[in-house]
Structures are given as C-alpha cells and as structure tokens.
Amino acid sequence: MALLPSAQAIGGSAAPTSWLGHKIDPAQTPFCHEQGCTLIEVRSNDSNRMGWHDGTMRAYQLRDGSQLEVDVRPEGWISNARLQFKRSRMTAQDHRTAATFLTAVTGRTFRAGAIASCEQAGLALNNPDAYGPEQPLSHWKTPNGLPYKARCGVGSQVGVWAGWMQQ
C-alpha cells in the first residue's frame, strides 16, 4: 500500500496543529464538525471586557447545549479558547469532549482522566468562589515565548479553557 504524500509535500500547506496563535475559523475544524458548532455571537471587546480590551469574542453553541468561546486578536489569531458546560458537574462524556477540545486547541495531548482529576481537585477545594484548582492542567511557552496554560473549571465555570495569559 503506497502512502499518500502530505499536502505540504505536494505544494499545499498543512493545517495548523493547534488553534492558539493561528488564524482559524473554529466552525471549520474537525472538532466543530463533530460537535455541531453554530456561531451565536460576535462581540467587539472594549474596556469593560475582563482581560481583553481589543479584538473580538466569538461564541458557538454546540449540539449538546455547551458553549465554545474564542478570543480573536485584532490581527486575526486566536489567543484563548473556552468550552463551558451548562451543568454543575462534568459527565464522563464531557471529560472526553473536553480532552478532545483541549487537544485541538493546543496541539498537545489531553486525556479524559486528566480532565476528571482536575475537576475533582477543583471540587475538593469546597470553595464556591474558586474557578478551579490552582495547578493548571498544562503550561508551556510557544516558540515565540508566549506563556500558555490549560485549566479546568468548577462551580460557575464548569469546563476547560486554554490560552495566553491565563491566571
């Protein structure tokens, strides 16, 4: 069986291995094709937006009712992405979806078990004001030196997120 050449080898360009730091339309990604993402809001950021005062926030509704949000810098690249579930705790399926989401967003491998452990650590804090555990799921720097983190959330922020300048 012969191997097909990659798009890059035949003169095309390979798809980015992550959403972060790239100009990507989330609705056109395999994750959104699988999850049924529908664009529901595009909002220009201003000084009232916590964390970002420029660019836009784009929100997508997933088929299961969850919400995906991305922060898009004025230059068009994605700086942060969030997947929030509309329930008080993640299900086993949510852990799998969250792991798939973070893997797509970051280009790093995440496992459902790690998401579940992160959620448990956040719930163990027993603090209604805590968004999640202090320890991120992962942290790294881009080749250009930008610091990125992936985190999980509990309480009012049930879900996962990753991006630049995460606290």
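The text below takes the disulfides in turn and then a threonine in a helix.

The model is predicted. With sulfur atoms within 2.5 Å as the criterion, the count comes to two disulfides. Counting the bonded cysteines along the chain, their pattern is 1-2, 3-4.

| Disulfide | S to S distance |
|---|---|
| C32 and C37 | 2.2 Å |
| C118 and C152 | 2.0 Å |

**C32 and C37.** The torsion about the S-S bond of this pair is about -80 degrees, so the disulfide is left-handed. C32 and C37 are both buried.

**C118 and C152.** A disulfide also joins C118 to C152. Because C118 belongs to helix 3 (residues 112–124) and C152 to strand 6 (residues 147–153), the pair ties together parts that are 34 residues apart in sequence. The link of C118 and C152 is left-handed, with -90 degrees about the S-S bond. C118 is buried, as is C152.

**T97.** Helix 2, which spans residues 92–106, contains T97. Is T97 buried or exposed? The relative accessibility of T97 is 5%, and buried means under 20%, so T97 counts as buried. Leaving out residues up to four places away in sequence, T97 touches F31, Q35 and L83.

In short, the disulfide of C32 and C37 is left-handed, and the link of C118 and C152 is left-handed. The cysteines C32 and C37 are buried, C118 and C152 are buried, and T97 counts as buried.

Definitions and conventions: Residues numbered from 1 in each chain as written. Predicted model: local features only at pLDDT ≥ 70, side-chain atom pairs only at ≥ 80, totals over all residues. Heavy atoms only, no water. Buried < 20%, exposed > 50% of the residue type's maximum accessible area, 1.4 Å probe, protein only. Helix = DSSP H or I, 4+ residues; strand = E, 2+ residues; numbered from the N terminus. Contact = heavy atoms within 4.5 Å.
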